[in-house]
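Biologist: Please take a close look at one helix pair and the core around it. Keep it brisk, and give the cut-offs.

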Amino acid sequence: MSSYQKELEKYRDIDEDEILRTLSPEELEQLDCELQEMDPENMLLPAGLRQRDQTKKSPTGPLDRDALLQYLEQQALEVKERDDLVPFTGEKKGKPYIQPKREIPAEEQITLEPELEEALANATDAEMCDIAAILDMYTLMSNKQYYDALCSGEICNTEGISSVVQPDKYKPVPDEPPNPTNIEDMLKRVRSNDKELEEVNLNNIQDIPLAMLSELCEAMKTNTYVRSFSLVATRSGDPIANAVADMLRENRSLQSLNIESNFISSTGLMAVLKAVRENATLTELRVDNQRQWPGDAVEMEMATVLEQCPSIVRFGYHFTQQGPRARAAQAMTRNNELRRQQKKR
């Protein structure tokens, strides 16, 4: 037993309650003050509870954060900067480091034939790059230079080994042009049941009024010629999803519906999925990439809809749960097999 443990043994049988009963009120008050100050570094306690209040001033008023920051900034500007112990004069001391030349031992020296020595001495950077690729020194060049040198019978590296630090130049990919669809004209054609209108594409038009989208869905209820209806990235929410669900219950000609990349929640997706059960002509449905994950219940409903609707042969959604994913994959395989058998007949 160490000396410290022996020192603690004499305090083992002390009755703390008996000691507290014998203390006077003044001693108890002093003990209370000491206990308040015994753990000032406890980070689990608030700052005001780590030690007793030692402020003797009365409060001057409520805290004004802006005035306090202004006062602190003014105080900082008024404090004089400390002078350097050794003033900086810009003088450079010492000598610059020069790496000593390493002498190559005789056993490591390589002697080539005079013809090879002359060829390497007169070789250009591009030729040296091709030679390095042939000798499998791929660390001296970029991947493009390496594979070009191996696959081509000619010298194709015109920039040399020094171009390894330069990135490959790729052709810039231009942005997609804006959707030229005239929404008002499209709405009139849908309402008039235009025979030549088979696709309604409003993708990436983000300033469509909510009322106009609702009117478009309302007009789609009686349209018999439109086969594809796409509302990708139109900032549509649950009201539009409910309008699409009402449209699916009455429309009997639509084959493809795409509402990806929108702000539809689980409630709106559930309404669309329930309406799909009452539609027998829809063959393609895409609902992926919404603003928030719809949840397990919606994914289970998706798998159930695919199992109960054999007409759907293409479904766009990335499942996060293994159970619904497996059920959906099995249902899609079965639906496509049924469609193949119907075409053979």
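**A helix pair and the core**

Modeller: α11 and α12 pack at an angle of about 15°, with their axes 10 Å apart. Axes are lines fitted to C-alpha atoms, for helices over the stretch in contact, and angles run from 0 to 180 degrees between N-to-C directions. α11 is therefore roughly parallel to α12 (angles under 35 degrees count as such). Their crossing is left-handed: the near helix is turned anticlockwise from the far one by less than a right angle.

This is a predicted model, in which local features need pLDDT of at least 70, side-chain atom pairs count only at pLDDT 80 or more, and totals for chains, interfaces and linings use all residues. Residues are numbered from 1 along each chain as its sequence is written, and side-chain values use heavy atoms, with hydrogens and water left out.

On the α11 side, S266, L269, M270, L273, K274 and V276 meet A297, V298, E301, M302 and V305 of α12 (contact means heavy atoms within 4.5 Å). The residues of this contact divide into 8 nonpolar, 1 polar and 2 charged.

Now the core. The largest nonpolar core holds 50 residues, and F229 and L248 touch the most other members. Such a core joins buried Ala, Val, Leu, Ile, Met, Phe, Trp, Tyr and Cys residues through side-chain atoms within 4.5 Å; buried means under 20% relative accessible area, with a 1.4 Å probe and protein chains only. Elements giving two or more residues include α10 (238-250), α11 (266-276) and α12 (296-308). α10 gives the most, with 7 residues. Beyond its neighbours within four places in sequence, L248 contacts L254, L257, V272, A275, V276, N279 and L282.

Definitions and conventions
Helices (H or I, at least four residues) and strands (E, at least two) are DSSP runs, numbered from the N terminus. Angles under 35 degrees count as roughly parallel, over 145 as roughly antiparallel, 65 to 115 as roughly perpendicular and the rest as oblique. Ala, Val, Leu, Ile, Met, Phe, Trp, Tyr, Cys and Pro count as nonpolar, Asp, Glu, Lys and Arg as charged, and the others, Gly among them, as polar.
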